[in-house]
Amino acid sequence: MKIFKIKEEHKSAIVGFNGSGLPLGKRNDLDVLAEMAHHNKNLAKYFEELPTMEAIKAYRAGEIVEAIEATGAEERVQEAEEATEVSAPDQVTETVEETPTESKRGKKGNNRA
Amino acid sequence: MLTQVTAKYNPTCINNAGGISRAWLFDAGDFDFTTGGTAATYSAVALMAGATILGGSGFFPIKFNHLEGEYKATHTQNTNGSNEYAHTVSLQVQILGAELTNFMELNQKASACGLLGIVLELNNGKIIVIGESIVNAVVIPTFRIRLDGSELGSGKAWGDNNGATLSFKGMYNRGAYEFTGGVSAIIALEAS
């Protein structure tokens with residue numbers, strides 16, 4: 001949202017759009033306001049610098065890419081977790097098998113001394 | 001086909017309940033409506049410079065009896081090709097007394113000397129606007145709504161309404177535009 005900067009004196013201003021009437025400083029959909037500001041100069045005054053339509057489109061495209069990447073990352077983490085859960089029971093079995101062999105070795109050593 | 005003379009009408013199917021859910025009055029000089037991407041819609045509304053909620057501007061809610069509000073617009077096409085829409089809004093309100101008299105006096109002045117606008121949230125969820133004056137930062141041809149034809153009364157029986165049926169009327173060359181910015185946007189700009 002860095003390209004959509006609201007002027008300090010307008011951060012508490014309310015513009016009703018997109019289902020909300022939150023103050024402009026708390027909005028996360030300023031791209032919608034910026035788009036409308038291109039045909040209503042009274043809305044353009046809220047921005048330090050009104051991004052061009054191309055910049056708005058690029059921003060939205062970037063948001064989509066980020067969302068796709070985030071979804072892919074979550075799936076990879078989930079797959080890794082599932083793989084870890086499958087291998088964990090084999091390790092526990094190996095530890096139990098080793099313990100009886102070690103104790104037998106210890107007893108033989110004591111008898112010789 | 002030499003000219004486009006018509007279009008299909010196939011609205012999205014919704015739970016299309018009749019009647020009015022909420023109503024607000026506003027000074028049409030206080031608000032700037034922004035047109036939406038779809039024809040006959042406003043997607044945003046903002047206070048004009050100098051108009052503030054603290055200063056007395058805003059959308060003024062009208063508390064009316066449940067399912068006793070109605071909007072109508074009667075269309076006429078004249079022989080010269082011009083079109084008229086006679087817009088009317090009626091809202092049944094309660095309690096005959098000082099508060100109602102004062103409300104009538106204030107809005108008579110606003111109606112006669114200024115520009116009165118009305119926002120209506122319909123029971124089907126859609127929001128319509130009449131009487132607006134400023135669109136996309138430009139003043140549009142006058143869309144005058146007047147407080148006219150209201151009936152005040154005490155009723156006779158205990159079950160009768162004791163109050164008034166407020167009546168607003170106005171003539172314009174088109175139907176009401178729809179506000180698509182959501183009712184939360186209107187409520188956020190209510191007068192204090």
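A pocket, on a 1 Å grid over the protein atoms alone, is an open set of points where a 1.4 Å probe fits, with protein on both sides within 12 Å along at least five of seven lines; its lining residues have an atom within 4 Å of a point. The structure described here is a predicted model, in which local features need pLDDT of at least 70 and side-chain atom pairs count only at pLDDT 80 or more, while totals for chains, interfaces and linings use all residues. Residues are numbered from 1 along each chain as its sequence is written, chains are lettered from A in the order in which they are written, and side-chain values use heavy atoms, with hydrogens and water left out.

The second largest pocket holds about 500 Å³ of space, a volume being the space filled by probe spheres set on grid points that are joined across faces, edges and corners. Its lining comprises 18 residues, and Lys63(B), Val93(B), Gln94(B), Glu99(B) and Phe103(B) lie nearest its centre. Strand E4 (60-61), strand E6 (83-94) and helix H1 (98-113) of chain B each supply at least two lining residues; helices (H or I, at least four residues) and strands (E, at least two) are DSSP runs, numbered from the N terminus. The most is given by H1(B), with 6 residues. By class, this lining has 12 nonpolar, 4 polar and 2 charged residues, where Ala, Val, Leu, Ile, Met, Phe, Trp, Tyr, Cys and Pro count as nonpolar, Asp, Glu, Lys and Arg as charged, and the others, Gly among them, as polar.

Glu99(B) belongs to helix H1 of chain B. Its relative accessible area is 71%, so Glu99(B) is exposed; the term applies over 50%, buried means under 20%, and partly exposed lies in between (1.4 Å probe, protein chains only). The loop between E6 and H1 of chain B contains Ile95(B), which counts as exposed because its relative accessibility is 60%. Phi of Ile95(B) is near 75°, a positive value in a residue other than glycine. Ala137(B) likewise has a positive phi, near 70°, and is found in the loop between strand E9 (134-135) and strand E10 (138-139) of chain B.

The largest pocket has a volume of about 630 Å³. Among its 18 lining residues, Tyr9(B), Pro11(B), Thr12(B), Lys126(B) and Glu178(B) are the closest to its centre. This lining divides into 9 nonpolar, 7 polar and 2 charged residues.

The interior can be considered next. A nonpolar core is a set of buried Ala, Val, Leu, Ile, Met, Phe, Trp, Tyr and Cys residues joined through side-chain atoms within 4.5 Å. The largest has 42 residues, and Phe33(B), Phe59(B), Phe168(B) and Phe179(B) have the most contacts inside it. A second, separate core of 18 residues includes Phe4(A), Val15(A), Tyr46(A) and Ile56(A). In chain A, helix H1 (residues 30-37) is mostly covered, with 6 of its 8 residues buried; among them are Leu30(A), Leu33(A) and Met36(A).

The two chains meet through 16 residues from chain A and 20 residues from chain B, contact meaning heavy atoms within 4.5 Å. Together they bury about 1,200 Å², 54% of it on carbon and sulfur atoms; buried area is the accessible area (1.4 Å probe) that two parts lose on being put together, summed over both. On the chain A side, Ile14(A), Gly16(A) and Asn40(A) lose the most area to chain B, together 33% of what that side buries.
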